[in-house]
Amino acid sequence: MSLSKIESREPSSKNLDGIISERESFELCGPSHLTNIDWTNPDHRRSVAACLVQGVYILERDRQENRQASEALAPPWWNFFQFDLHSQLIDDADSCIFGAIYKSKHPPSQHTPSYVIAFRGTLIKGNAFSRDLELDIHIIKNGLHLTSRFDIAMQAVRNLVGSQTSKSNIWLTGHSLGSAMALLAGKRMAKTGIFLDSYLFNPPFFSAPLENIKDANIKHGIRIASSFLTAGLAVAAKIKNANQQRSNTPEDSFLALAGWAPCLFVNPMDHICSEYIGYFEHRKKMEEIGAGGIERLATQHSISGVFLNAIGKESHEPLHLLPSANLTVNLTPAVAFKDAHGIHQWWRCDQQLENRVYS
């Protein structure tokens, strides 16, 4: 049976604990062809990171369905790649599993991760949905950093980083909501000078859906107008901050991230993450028309953030503000939104991927 056919079928297997989706089974839909991992190969690294995130999804599903020991479906998602489950990250609000730390069995090397910290996204099945939805709303409001789940995640990252002599062999990875967790944690660490390899699948970018506009001239015109408005407000806010002798400006925070280039994996048919394509491509186009300085200033801010600062109100830094990234776009036509947003696309070997580096 071909992998593409497996991907399109509906869940069909059952046991006493309930329905088992074929997408939960590594044997049925995992990348079992990756029997020899080349850690210098970006495709292999991407596939392993995505599978470890899937492992967190299935850990929580195993918990929900009380699948234990031989009935558990999660272990193959990390055992196949020679990882051990080091620890689970538990939400204090609903006791769900939202993350995991994996420890590698591979000999230490420059490219092989010693540990991988992975975060799952929103689960619509089981009792985790209401809490996950609450976190999704916090992302929209730029308030993920205020949640207890993120506090638990950040503490786990700090503890692991602090216990290791080499920080370069620790990976962060996540999907959707989980990628927002990993992105925020990565930014926090980058601001302290510690750059962790990060693999972020379908990271949320909530804004006006400009990527859905078909007319390229209209889309580009709107982005140019937005850049000039944002830059103008930023200049006004900067003057005000200077007059009030404020420190730790958004510009300082943004520049502290310059040496960190997380790997972002987005699908243009996924409106949750597709704006990253335009966000980075627009910077390139502004350079081409001689307005690079304006765009570099605008890129460090959001319109809402500088407006709130200008009127003296507190604002929180949007997650998507990044100076550098290694962006991978999946150009394979998606049948439905669940395919465009799903984690499964990122370990499949039949996808048309395009890589773009921005710095």
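Let's start with a charged pair: Asp-84 and Lys-105 make a salt bridge, with their closest N and O atoms 3.4 Å apart. This pair ties together distant parts of the chain, since Asp-84 is in strand S3 (residues 83–90) while Lys-105 is in the loop between strand S4 (97–104) and strand S5 (115–119), 21 residues apart. Asp-84 is partly exposed, at 35% relative accessibility, and Lys-105 is partly exposed too, with a relative accessible area of 45%. Keep in mind that this is a predicted model.

**Other salt bridges**

In total, the structure holds 16 salt bridges. Side chains of opposite charge can pair when their charged atoms come close.

| Pair | N to O distance |
|---|---|
| Asp-84 and Lys-105 | 3.4 Å |
| Arg-46 and Asp-43 | 2.7 Å |
| Asp-350 and Arg-348 | 2.6 Å |

Arg-46 and Asp-43 both sit in helix H3, three residues apart, or about one turn of the helix.

Ser-47 belongs to helix H3 (residues 42–65) and counts as buried, because its relative accessibility is 5%. Leaving aside residues up to four places away in sequence, Ser-47 touches Leu-34, Trp-346 and Trp-347.

The largest nonpolar core has 47 residues, and the ones with the most contacts inside it are Phe-119, Val-157, Tyr-276 and Phe-280. Helix H7 (residues 177–190) supplies the largest share of this core, with nine residues. A separate core of 35 residues includes Leu-34, Val-53, Val-116 and Cys-263. What does Phe-280 touch, not counting residues up to four places away in sequence? Its contacts are Leu-264, Leu-322, Ser-324, Ala-325, Leu-327 and Tyr-358.

**A greasy spot outside**

On the surface, Ile-124, Phe-129, Leu-133 and Ile-137 form a nonpolar patch, together giving about 380 Å² of accessible area. One of these, Leu-133, is in helix H5 (residues 129–140). Leu-133 counts as partly exposed, because its relative accessibility is 37%.

Note on methods: Residues are numbered from 1 along each chain as its sequence is written. This is a predicted model: local features need pLDDT of at least 70, side-chain atom pairs count only at pLDDT 80 or more; totals for chains, interfaces and linings use all residues. Side-chain values use heavy atoms; hydrogens and water are left out. Helices (H or I, at least four residues) and strands (E, at least two) are DSSP runs, numbered from the N terminus. Buried means under 20% relative accessible area, exposed over 50%, partly exposed in between (1.4 Å probe, protein chains only). Contact means heavy atoms within 4.5 Å. A nonpolar core is a set of buried Ala, Val, Leu, Ile, Met, Phe, Trp, Tyr and Cys residues joined through side-chain atoms within 4.5 Å. Patches are made of residues with over 30% relative accessible area and no salt bridge: like charges are joined within 9 Å, nonpolar side chains (Val, Leu, Ile, Met, Phe, Trp, Tyr) within 5 Å. Accessible areas come from the Shrake-Rupley method with a 1.4 Å probe; for residues, only the protein chains shown count as cover. A salt bridge is a side-chain nitrogen of Lys or Arg within 4 Å of a carboxyl oxygen of Asp or Glu.
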